[in-house]
Amino acid sequence: MTKDEEIIDLKAENTRLKSLLNRIHNATEQFYCKKPDKAQDNCPYDQIVKLYHGILWTLPKIKKLTAKRKTAMRKRWVEDLTTLSDWRDYFKDAGRKQFLFGKNDRGWVANIDFFLREQTIANMQEGKYETK
């Protein structure tokens, strides 16, 4: 094989490898970065409820997962808390906020409906419920 033929072979192999790496990158990106399809209802309601009950066990229990609650939970799943780990961290963070457990001027206590609000997530991220 001549030098020119070797160079041509190496260029072809390089092109093939670049194409393969690009496909691997795209597949990996789709697997790890893609948000759940809004039309597909893959929200793990029962697991989120178990996390809520397990981490925030002193707060009011969810006795009925209503259609309204499911809709709100699914929306948070798609837009904000897209993994169970996100929900776990969210509830753990809430567990450190005494305000949510009645340590406020009204004795008000948070419930699941409060945690499913978009504004609550924003407020938690911005530190609104921190003890002063």
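Of the 132 residues in the protein chain, 26% are buried, where buried means under 20% relative accessible area, exposed means over 50% and partly exposed is what lies in between (1.4 Å probe, protein chains only). Keep in mind that this is a predicted model: local features need pLDDT of at least 70, side-chain atom pairs count only at pLDDT 80 or more, and totals for chains, interfaces and linings use all residues. Residues are numbered from 1 along each chain as its sequence is written, and side-chain values use heavy atoms, with hydrogens and water left out.

Let's start with the fold. The protein chain has six helices and zero strands, counted as DSSP runs numbered from the N terminus (H or I, at least four residues, for helices; E, at least two, for strands). Along the sequence that reads α-α-α-α-α-α. Take the contacts (heavy atoms within 4.5 Å) in the protein chain with a separation of 6 or more: 66% of them join residues 24 or more positions apart. As for the surface, the protein chain exposes about 9600 Å², with carbon and sulfur atoms supplying 52% of it; the areas come from the Shrake-Rupley method with a 1.4 Å probe, and for residues only the protein chains shown count as cover.

Now zoom in on helix 3. Buried here are Arg69, Met73, Arg76, Trp77 and Val78. What do the buried residues of helix 3 pack against? Their partners are helix 2 (45-55), helix 4 (84-95), helix 5 (112-115) and helix 6.

Leaving aside neighbours within four places in sequence, arginine 76 is in contact with Leu81, Trp87, Leu116, Arg117, Glu118 and Ile121.

The structure holds 10 aromatic pairs, meaning rings of Phe, Tyr and Trp (its six-membered ring) with centres within 6.5 Å; planes under 30 degrees apart count as stacked, over 60 as edge-to-face and the rest as tilted. The rings of tyrosine 52 and phenylalanine 115 are edge-to-face because their planes are at 65 degrees, with centres 6.2 Å apart. Tyrosine 52 lies in helix 2 and phenylalanine 115 in helix 5, so the pair ties together parts that are 63 residues apart in sequence. Tryptophan 87 and phenylalanine 91 form a tilted pair, 5.7 Å centre to centre with 55 degrees between the planes. Those two are four residues apart in helix 4, so about one helical turn separates them. Tryptophan 87 is buried at 0% relative accessibility, and phenylalanine 91 is buried with a relative accessible area of 0%. One aromatic cluster takes in Tyr52, Trp87, Tyr90, Phe91, Phe99, Trp108, Phe114 and Phe115.
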